[in-house]
Every structure is written in structure tokens, then in C-alpha cells.
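Subject: Structure handover

Hello,

Here is the structure I promised to pass on. Please open it first, then read the notes below it.

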Amino acid sequence: MMRTWIATILIVILISMLITSCSKQQTVTEQVQENVAESLSVSEQTVVLFGDGNKIQINDSLVVGKIMNDIKAMTFTKVEGPDTVGQNFTLMFSSDKKYSSTGYFVINKVFYKATDAKLASEINKYVLDYGRSIMPQLLPGV
């Protein structure tokens, strides 16, 4: 009888801990999303630095808007730093905000990693296609 009671109490405690943990994770995720969304709310000069050294400034507000909306639609997790090297491009929104083709968004030297690899891949393709419409020789072999 006593063992059943103790086991029941332990199960209730474990369930409570799981619920609290999930709630905290959701709050952290929502805060990360707010940080990313707020940081891109102002229309800014957008420069693309490609991995081969080419650089273009995107002046088309529709292109910039699509890229920003896609980035805002992504979910991110805060990370210590990138776990991959090399990238096709880096979008430079300002000196303190950058997004890389590998799915990392940096705000004031704080790294966030996109959790949606499919959307990150779509952004990658969109930016590369846009760059190649201006410079057809851009990133040969990619």
C-alpha cells in the first residue's frame, strides 16, 4: 500500500516536471521568434555576400520582403554558435543582423539556428536564383 502511494506521488511529480519543462521550452521558443521578427520589422538595406566573394545589394523591395517574411516564418533555437562551416551566402541586413544559407540568424552576436530545414533550403534556392539572375556565373557547381 505504501509502495503504491509512493509510486503514485513520483509519477505525479514526473508528469508535473514534464509539463513545466515543455511550457518553459515553448516560452523560450516564443521569445526567440519575437527577437527574430522584431529585428526584421524595419526595412533595411540588404546586401548578399556570396561564398565565392561576389556581393550584391538587393534594392527590390518585393525580393527583400519575401526573404524577410520567409525568415520570420521560420522557427529558431538559440545556439552557442554554428555547427557547420561554409555557406553559399550571407544576407547582411545591418552590422548586427545576418542570416546565412546554412540557416543561422545572428543578432548582436547571438546565434539562432533554423529548425525548418525545408524552408531554409527554399530561402537558399530563392537567393541563389536571384543572384544568378544578376550574375549568371555565380557559384558555379552549386
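Start with a side-chain pair. Gln57 and Asn59 make a polar contact through their side chains, at 3.1 Å. Please keep in mind that this is a predicted model.

Gln57 lies in strand 2, which covers residues 55-58. Setting aside neighbours within four places in sequence, Gln57 touches Gln45, Thr46 and Val47. There is also a longer link along the chain to note. Leu91 is 34 residues away from Gln57 in sequence, and their C-alpha atoms are separated by 9.6 Å.

Thr46

Thr46 is one of the contacts of Gln57. Thr46 sits in strand 1, residues 46-50. Its relative accessible area is 1%, so Thr46 is buried. Which residues does Thr46 contact, leaving aside neighbours within four places in sequence? Ile56, Gln57 and Ile58 are among them.

Thr90

Next, strand 4. This strand spans residues 89-94, and Thr90 belongs to it. Thr90 has 11% relative accessibility and therefore counts as buried; the cut-off is under 20%. Its side chain makes a polar contact with the side chain of Gln87, at 2.6 Å. Beyond neighbours within four places in sequence, Thr90 is in contact with Val47, Val48 and Leu49, and also with Lys98, Tyr99 and Ser100. Asn124 is 34 residues from Thr90 in sequence. From C-alpha to C-alpha, Thr90 and Asn124 are 9.9 Å apart.

The helix pair

Now helices 2 and 3. Helix 2 runs over residues 61-73 and helix 3 over residues 117-134. How do they pack? Their angle is about 165 degrees, and their axes are 10 Å apart. Angles over 145 degrees count as roughly antiparallel, so helix 2 and helix 3 are roughly antiparallel to each other. The crossing of the two is left-handed.

Which residues meet there? Helix 2 brings Val63, Lys66, Ile67, Asp70, Ile71 and Ala73. Helix 3 brings Leu119, Ile123, Tyr126, Val127 and Tyr130. By class, this contact has nine nonpolar residues and two charged ones. It has no polar residues.

The chain as a whole

Last, the overall layout. The protein chain has three helices and seven strands. From the N terminus on, the order is α-β-β-α-β-β-β-β-β-α. The chain has 142 residues, and 33% of them count as buried. Thr46 and Thr90 are both in the buried class. Consider the contacts with a separation of 6 or more: residues 24 or more positions apart account for 64% of them.

That is the handover.

Best wishes

Definitions and conventions. Residues are numbered from 1 along each chain as its sequence is written. This is a predicted model: local features need pLDDT of at least 70, side-chain atom pairs count only at pLDDT 80 or more; totals for chains, interfaces and linings use all residues. Side-chain values use heavy atoms; hydrogens and water are left out. Axes are lines fitted to C-alpha atoms, for helices over the stretch in contact, and angles run from 0 to 180 degrees between N-to-C directions. Helices (H or I, at least four residues) and strands (E, at least two) are DSSP runs, numbered from the N terminus. Angles under 35 degrees count as roughly parallel, over 145 as roughly antiparallel, 65 to 115 as roughly perpendicular and the rest as oblique. A crossing is left-handed if the near helix is turned anticlockwise from the far one by less than a right angle, and right-handed if clockwise. Contact means heavy atoms within 4.5 Å. Ala, Val, Leu, Ile, Met, Phe, Trp, Tyr, Cys and Pro count as nonpolar, Asp, Glu, Lys and Arg as charged, and the others, Gly among them, as polar. A polar contact is a pair of N or O atoms within 3.5 Å; within protein, one must be able to donate a hydrogen and the other to accept it, and residues adjacent in sequence count only if both atoms are side-chain atoms. Buried means under 20% relative accessible area, exposed over 50%, partly exposed in between (1.4 Å probe, protein chains only).
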